[in-house]
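Dear colleague,

Please find below the sequence and structure that I am handing over to you. My notes on what was found follow.

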Amino acid sequence: MTYLESLNVEKWACHLDLHETTDTDATEFMPAKHAEAGLIYEAEVIPDGFYLVGDTENGQLDFQEAVITNVRKVTHIAPPDDEGNIIDVPVVKDGIILVPAKTLGLCCSVTGGTYVTTTEVYPDSPRATEEICNEAQVAAITGALDYVLSQEK
């Protein structure tokens, strides 16, 4: 935060937080995190594909959709489960969920940007590779920047 504040940016236009979820998140990281907190870990299903986690306070669905549209050119988008959810959160548009980002402490909320989202890729998918996941993240960035620049005109 100190670094961001030192930049003296009055208003951030865009903030993408690039994430990946691997099988070890479910087999090592999350069980350890729960054990540390004294909680019982119940196995989670890792979504197979790319998806976005936007902010309920600032959904900007046109922006989110522009990112998904660009990413879809290089990889598959995570489908919802049988209840219409991704990670227990209702899908609002294909590959997009919204959560209270600031309340949950998600990194995309720290700048207060106009357009914010967190990306999720799954490199352990049988339908993806590390290279495809990297390309998906680049597609997310370029899709986001193209959208932001189109709004500035």
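**Contact of helix 3 with helix 5**

In this predicted model, Asp-62, Phe-63, Ala-66, Val-67, Asn-70 and Val-71 of helix 3 are in contact with Ala-136, Ala-139, Ala-140, Thr-142, Gly-143, Ala-144, Tyr-147 and Val-148 of helix 5. By class, the residues of this contact comprise ten nonpolar, three polar and one charged.

Two packed helices are described by the angle between their axes and by the distance between those axes. Here, helix 3 (residues 61–71) packs against helix 5 (residues 130–152) at an angle of about 140°, and the axes are 8 Å apart. Because of that angle, helix 3 is oblique to helix 5; the limit above which a pair counts as roughly antiparallel is 145 degrees. The crossing of the two helices is right-handed.

**The largest pocket**

The largest pocket has a volume of about 970 Å³. Its lining consists of 31 residues, and those nearest the centre of the pocket are Thr-21, Glu-44, Pro-47, Tyr-51 and Ile-87. At least two lining residues come from each of strand 1 (14–20), helix 2 (23–36), strand 2 (51–55), strand 3 (85–86) and strand 6 (115–121). Of these elements, helix 2 contributes the most to the lining, with six residues. The lining of the largest pocket divides into 17 nonpolar, five polar and nine charged residues.

**The cavity**

How many cavities of 30 Å³ or more does the structure hold? There is one, and the volume of the largest cavity is about 40 Å³. Gly-49, Phe-50, Thr-75, His-76, Val-121, Tyr-122, Ala-128 and Cys-133 line the largest cavity. Five of the residues in this lining are nonpolar and three are polar, with no charged residue. The lining of the largest pocket, by contrast, includes nine charged residues.

With kind regards

Methods: Residues numbered from 1 in each chain as written. Predicted model: local features only at pLDDT ≥ 70, side-chain atom pairs only at ≥ 80, totals over all residues. Heavy atoms only, no water. Axes fitted to C-alpha atoms, helices over the stretch in contact; angles between N-to-C directions. Helix = DSSP H or I, 4+ residues; strand = E, 2+ residues; numbered from the N terminus. Parallel < 35°, antiparallel > 145°, perpendicular 65-115°, else oblique. Left-handed = near helix turned anticlockwise from the far one by under 90°. Contact = heavy atoms within 4.5 Å. Nonpolar A, V, L, I, M, F, W, Y, C, P; charged D, E, K, R; others polar. 1 Å grid on protein atoms, 1.4 Å probe; cavity = no way out; pocket = protein on both sides within 12 Å on 5 of 7 lines; lining within 4 Å. Points joined across faces, edges and corners; volume = space filled by probe spheres on them.
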